[in-house]
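Subject: Structure for you, with notes on helix packing

Hello,

Here is the structure I said I would pass on. My notes on the helix packing follow below it.

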Amino acid sequence: MLRLSFLLRPTLIFAALLLGAGLALRGLPSMAESARAIPPPALDEPANPQATSEVAVLAGGCFWGVQGVFQHVEGVIGAVSGYAGGASDTAHYETVSTGTTGHAESVRIAFDPRRVSYGHILQIYFSVAHDPTELDRQGPDVGTQYRSAIFPTNPQQTRIAEAYIAQLNQTHVFNAPVVTKIESGRDFYPAEEYHQDFLARNLKRVLPDFYRATPVLVAAAAPRS
């Protein structure tokens with residue numbers, strides 16, 4: 001089973017440093033204080049040693065935090081902030097922010113399915129990337145552009161996502177129903193460059209003396225007995 005102990009929301013650390021430096025931040029994902037371990041999906045994609053890459057598109061509030069989480073996941077090749085759910089001509093930050101475009105702030109995650117499965121990507125998404133019980137919002141960020149949504153890239157992803165949401169609701173893992181929407185057949189549009197790698201890039205810019213390219217994880221930093 002994929003270990004989730006290394007996914008304890010680096011966004012909180014970045015938020016404290018950036019706010020201390022006077023950099024304004026929009027609301028961070030509301031599950032930052034209450035990340036929880038949840039069971040893996042009972043239905044997942046079968047192992048395929050020939051597959052070297054797959055793409056998942058997920059929305060869970062502010063894309064800065066979601067991107068930051070998945071950039072720390074073993075097996076993820078890349079994570080890009082962007083927009084999904086609306087048309088190409090409205091895929092711009094100022095327009096999406098009006099909440100009238102149908103877009104949600106989203107992250108396109110490229111991953112190696114031999115190292116991490118789509119089901120485990122969803123496990124991370126539901127457990128530590130955002131709060132899937134909040135409807136059309138994440139914490140202080142309110143509007144359909146901050147909705148919890150999965151944009152499957154193939155029919156198998158749709159089946160896995162539907163089954164997992166049903167599983168989580170049936171087992172009452174959360175104190176409220178999962179309201180995540182599954183929206184198939186929607187294109188993804190990358191966000192403006194200044195939104196990419198926001199957490200790491202702004203830490204490096206604002207506090208360069210404290211920046212390190214490779215994160216130090218709790219397990220690695222623990223003293224040896």
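This is a predicted model. I start with the pair α4 and α5, whose axes come within 10 Å and cross at roughly 45°. Since an angle between 35 and 65 degrees counts as oblique, α4 and α5 are therefore oblique to each other. The crossing of α4 past α5 is right-handed. On the α4 side the contact is made by Tyr 118, Gly 119, Leu 122, Gln 123 and Phe 126. On the α5 side the residues are Gln 157, Ile 160, Ala 161, Tyr 164, Ile 165 and Leu 168. By type, the residues of this contact are eight nonpolar, three polar and no charged.

An α-helix has 3.6 residues a turn, so residues three or four places apart point the same way.

Next, α2 against α4. These two helices pack at an angle of about 130°, with their axes 11 Å apart. They are therefore oblique to each other, and their crossing is right-handed. From α2, Val 66, Val 69 and Phe 70 meet Ile 121, Ile 124, Tyr 125, Val 128 and Ala 129 of α4. The residues of this contact are eight nonpolar, with no polar and no charged ones.

Then the core. The largest nonpolar core has 41 residues, and the members that touch the most others are Phe 70, Ile 121, Leu 122 and Phe 126. At least two residues each come from β1, α2, β2, α3 (93-96), β3, α4, α5 and α6 (198-206). With eight residues, α4 gives the most to this core.

Leaving aside neighbours within four places in sequence, Phe 70 is in contact with Leu 58, Val 76, Ala 79, Ile 109, Ile 121, Ile 124, Tyr 125 and Ala 129. There is also a second, separate core of seven residues, including Val 57, Ala 59, Ala 84 and Phe 151.

Regards

How values were computed: Residues numbered from 1 in each chain as written. Predicted model: local features only at pLDDT ≥ 70, side-chain atom pairs only at ≥ 80, totals over all residues. Heavy atoms only, no water. Axes fitted to C-alpha atoms, helices over the stretch in contact; angles between N-to-C directions. Helix = DSSP H or I, 4+ residues; strand = E, 2+ residues; numbered from the N terminus. Parallel < 35°, antiparallel > 145°, perpendicular 65-115°, else oblique. Left-handed = near helix turned anticlockwise from the far one by under 90°. Contact = heavy atoms within 4.5 Å. Nonpolar A, V, L, I, M, F, W, Y, C, P; charged D, E, K, R; others polar. Core = buried A, V, L, I, M, F, W, Y, C linked by side-chain atoms within 4.5 Å. Buried < 20%, exposed > 50% of the residue type's maximum accessible area, 1.4 Å probe, protein only.
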